[in-house]
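Me: Could you walk me through some local features of this structure, with the cut-offs spelled out as we go?

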Amino acid sequence: MGPGRVLLLGTLFGALADVYLHHPRGSNNRLNEQSANRNNANRLFDSQNNNRGGYNVGDKTDQAFTGTGVETGSPTHANDRGQYALAFYEGSRLVVEWTNQHGCGGNEKTDPYKLNCNIVIQYTCDSDDTVRDPAMQVLLRDGRNTGTPDDAGNVGDITGKMAQNADKGHHESEAYYYECTRRERNKGLFLADQKPQQDAARFTRQNPNGNRNGLECPEERDYWPYWGPTPWIDIAVLTDTVEDCDRFFNYRGNSQNKALKGKCAFKNPDYTTGVNENTAARVLKSINRTLCESYPEATWATFTHNVDAPVCVAADWSRVNHLGNGRSPQPLTFNWTLPRLSALPSWVQEYSAAGAGAARYARCVLRLRYNISTDDYDPRNTNASQNDNPQNGVVSPVTNNPTINVSPKNAFNGLLALKLAINTNQFGRTFQDRSHVFMIKTRPPGLDANAEVWNLNVRGKRGNIVQTFPSVEYDFVPNQLTVTSRTYIHIQWTGSNTHNNGNPAGDGQAGDAGEGTTGTDRSNFVCSQNASVNYPTPFDTPVTALQDSCILQQSDCWATVPDQNGAQGAGSGPNLADFWGYSNTLTQLNAMDCALRLASSGYLPNLNAAQTKTPVLNPLLNNAYASLVGGVLLKVKTGECGTTARPRLYHYFCTRNNNFSNRSQKGVLICAE
Ligand SMILES: *[C@@H]1O[C@H](CO)[C@@H](O)[C@H](O)[C@H]1NC(C)=O
Ligand SMILES: *[C@@H]1O[C@H](CO)[C@@H](O)[C@H](O)[C@H]1NC(C)=O
Ligand SMILES: *[C@@H]1O[C@H](CO)[C@@H](O)[C@H](O)[C@H]1NC(C)=O
Ligand SMILES: *[C@@H]1O[C@H](CO)[C@@H](O)[C@H](O)[C@H]1NC(C)=O
Ligand SMILES: *[C@@H]1O[C@H](CO)[C@@H](O)[C@H](O)[C@H]1NC(C)=O
Ligand SMILES: *[C@@H]1O[C@H](CO)[C@@H](O)[C@H](O)[C@H]1NC(C)=O
Ligand SMILES: *[C@@H]1O[C@H](CO)[C@@H](O)[C@H](O)[C@H]1NC(C)=O
C-alpha cells in the first residue's frame, strides 16, 4: 500500500482520545519534531492518540542529536550520536506514570464504572544470537528521522534482525510483521458490523483496512493475552475484573511470561533463505496446529519467555473525560521493580561495555496499552457467531451510529427515535504509548545487590499547560518519595533540545513558554528550605538555621559515570561521547561537588571546574546538558533520617523551570525510619 494512504488514515484515527505515558517519557511516535504535532502517526506503533501528545527522544548534551547511521547496539554505539537513553540499575524501582482519557476502575456495587478497562504494561529488549526465529528477533532503535521503517514485501526481503533503514526507528522485526500479514486472523473474534478487508492478522475490527504502523502486528496489538508468540514481556495488567487474573481470561496463566504460545513455523527456524513466497504464505498462514503439522516442511513452534507471571491487580480509579490524576489525587502510576539482568528472559542480549568491571546492560522499551470496552455486549461471551450477518438473521448487538426507537412500548413506532454515536471499530478500543529506548544495567561494585534503589527523574516538556497538552509540564517523578537511610536515590534526567512545540500544532496551541533557549529542556536539582519557597538554599547552610536542611549535606553522594579521561580536573565532566565504554564504578563525591553537578546538570562536575571552566555556566542552564548523563546516587546518612512521627523533609526544586504562578518543578524526599 502507498505510504500516503497509510498516513492519511492514521491521521484520521489519531484525532481522538488517548493514553499518554509521561514517565518514562512516551514517544507517541515522536522523535525530534520541532512542531507540537508529531510528524508520523505510523512511525513505530498504532497509538490511536492525538497527534500532539508525546515527548522527543533525549539529547545527551546542549546540542540536538545529529548524524546518521546505524545504532548497532554494540557498546560503543548503543547510546551514541547525541541521543541519551536513561540508564536504570537492575532491581531498582521505577515510577511508571501515565494519563488515560476515558477513566478506569471502580466497583460495580458501590462505585459503578462507566466502562470495562484493562491496562497492560510490557517491555521488550534487544534479543541475542540464540534467537534463530527472525520474527522473534528484536533490535530496538529510536531512529534518526521520523520515517516508518520499511516492511518486507515478501519472504526474500527479510534480512536478519533489521539491516535496512538504518536511520529509521525500529521495534518489532520485519519478519514479525511479515508473518502477521501472512497469518490467518482469528475468525472466532467478534467483529460487530466491521468487515476486515482480508483474512490476515493485519486486519482487525479496530483496523479493518490493515493500516501499517511500524512493524507492529494489529491483531497482537488489539488482543491480550495474544494466542501467538510475541517479543513483548508482560510486567503488569491493571484490571477492573481481578477475577480474570486467574480465571476466564486467566491473565497470569495465559501471559507468554509463563504460557507456551505456538505458531506454524518452518522446521528450519531461519527460513528466510531458500523458501519461496508461496510456501511461506501457506505455512505461516495456519493458526491450526493439526493443519500445520500436516505440512512436511512445517512444525508447530512454541515460545515462552519463562519468567515470572505479570503482576495482576485492580486498576486505580480514574475519571472519564479527564486526562489527569486518579482519585487519591495522585498521578496514575505503577511502580515497576526492574528485573535483574539474570531474571530477564534468556533470549535478551546482555551487552558489555569495554574494560574491566564494565557494566553489562540490556536495551529495552516500555509499552503501555489502555484497553476499554462496554457492557453493551459481554466481552466474555460475544464472538464471531454474533457478527452482523443480516442474510442469515444475525444482527450485531452493536452497529454504527444507530437510530434507536425509544418510544414507550404501546406507542406507535417512530414517536421517539434518537441517534447514538457508536463506531464499532472503536467500541472496544485499545490505545497505546511506548517509551524511547532505555537501559537496564548491572549495579556497580559498592551498590549492594539487595539495596533498595529508587529512580528519581523528570517528566514533561517545554510550554505552558495549554501548549504542552496532552503532554505535561515539567515535574520530578516521583515528586514525593519516602526513603530511609538505607535507600539509594538514583537521580537522573533527560530532555530534548528540539521541543519547540511549533506549528503545525493540530488541535492545540503552538508555543514553548519557558525559561532559556527556545526548544530546550533543562533540569537541575537545588535544595530549598520548604515547598512553599522559591529561593534555593545553599547546600552548606548550617543545619541549625534550617528546619530540615539540605539533603546534600546529610547524605552520601556518588557519581555513576567516570569523568572524561578519568580526570577530575577543570573542563572534565561525565564522559559524554561514549559513557558506556567506561567501567561501571561509583565515585564518592564530596557535598560541594555533588551540589555542583546536580545544580549544573553535569556541566560543572567539581569545584575546580566551577572556578576555571569556560565558557562559564549560563545561569539559565542554556549551555548545560539536556541530560544528567549516568545520574548521581544519593543516600541519606545514618542518623540523618527522621522518624515516622517526625520525618525529615528534604526539599529541592529546579531553578530554571520553577516559575511561581505559572509552573512548578519541586520535589521532596521524606526520610523516616
Ligand atoms: C481488550 O479487551 C477485550 C475485551 O475484553 C479483549 O478481548 C482484548 O483482548 C483486550 N485487549 C488488550 C490489548 O488488552
Ligand atoms: C484444523 O485443521 C484440521 C486439518 O485440516 C481440520 O480437520 C480441523 O477442522 C481444523 N480445526 C479448526 C478449528 O479449524
Ligand atoms: C460463541 O458465543 C456463543 C454464545 O454467544 C457460545 O454459545 C459459543 O460457544 C461461542 N463460541 C466459541 C467458539 O466460543
Ligand atoms: C509508586 O511510588 C510512588 C513513590 O513512592 C508513590 O507516590 C506512589 O503512590 C506509588 N504508586 C503506587 C500505585 O503504589
Ligand atoms: C514565567 O512564565 C511566564 C509564562 O510562561 C512567562 O511569561 C515569564 O516570562 C516567565 N518568567 C521568566 C522569569 O522567564
Ligand atoms: C518555609 O520557609 C520560610 C522561610 O524560612 C518560612 O517563613 C516559612 O514559615 C516556612 N514554611 C513552612 C510551611 O514551613
Ligand atoms: C507568570 O506568567 C505571567 C504571564 O502569564 C507573568 O505576568 C508573570 O510574571 C509570570 N510569573 C513569573 C514569576 O514570571
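Me: Which handedness does the disulfide of cysteine 125 and cysteine 364 have?
Reply: Happy to start there; a disulfide here is a pair of cysteine sulfur atoms within 2.5 Å. Cysteine 125 and cysteine 364 are joined with an S to S distance of 2.2 Å. The torsion about their S-S bond is about 95°, so this disulfide is right-handed.

Me: Before we go on, what kind of model is this?
Reply: Residues are numbered from 1 along each chain as its sequence is written, chains are lettered from A and ligands numbered from 1 in the order in which they are written, and side-chain values use heavy atoms, with hydrogens and water left out. Local features need pLDDT of at least 70, side-chain atom pairs count only at pLDDT 80 or more, and totals for chains, interfaces and linings use all residues, because this is a predicted model.

Me: Are cysteine 125 and cysteine 364 buried or exposed?
Reply: Buried means under 20% relative accessible area, exposed over 50%, and partly exposed in between (1.4 Å probe, protein chains only). By that scale cysteine 125 and cysteine 364 share one class, and it is buried.

Me: What is the torsion about the S-S bond of cysteine 180 and cysteine 217?
Reply: These two cysteines form a disulfide with S to S at 2.1 Å. The pair links distant parts of the chain, 37 residues apart: cysteine 180 is in helix H2 (residues 174–182), and cysteine 217 is in the loop between H2 and helix H3 (218–222). The disulfide is right-handed because the torsion is about 70°.

Me: Where does cysteine 594 lie?
Reply: Cysteine 594 is joined by a disulfide to cysteine 557, with S to S at 2.1 Å. The torsion about that S-S bond is about 85°, so the disulfide is right-handed. Both cysteines are buried. Cysteine 557 is in strand E25 (residues 555–559), and 37 residues away cysteine 594 lies in helix H8 (residues 591–599).

Me: How far apart in space are alanine 595 and proline 538?
Reply: Alanine 595 belongs to helix H8. At 11% relative accessibility, alanine 595 counts as buried. In sequence, alanine 595 and proline 538 are 57 residues apart, while in space their C-alpha to C-alpha distance is 9.0 Å.

Me: And how far apart in space are aspartate 308 and lysine 258?
Reply: Aspartate 308 is in the loop between strand E10 (298–303) and strand E11 (311–314). With 63% relative accessibility, aspartate 308 counts as exposed. Aspartate 308 and lysine 258 are 50 residues apart in sequence, and from C-alpha to C-alpha they are at 6.9 Å.

Me: What is omega for the peptide bond from histidine 23 to proline 24?
Reply: Proline 24 is in the loop between strand E1 (19–23) and strand E2 (58–59). The bond from histidine 23 to proline 24 is cis, with omega near -10°.

Me: Which proline does a cis peptide bond join to phenylalanine 469?
Reply: The loop to look at runs between helix H7 (465–468) and strand E21 (475–477), and it holds proline 470. Omega is about 0° for this cis bond, and the residue joined to phenylalanine 469 is proline 470.

Me: What is phi of asparagine 28?
Reply: Asparagine 28 is in the loop between E1 and E2. Asparagine 28 is buried, with a relative accessible area of 0%. Phi is positive in this residue other than glycine, near 50°.

Me: Where is serine 601 found?
Reply: Phi of serine 601 is near 50°, a positive value in a residue other than glycine. Serine 601 is buried, with a relative accessible area of 0%. Its place is the loop between H8 and helix H9 (607–612).

Notes: Helix = DSSP H or I, 4+ residues; strand = E, 2+ residues; numbered from the N terminus.
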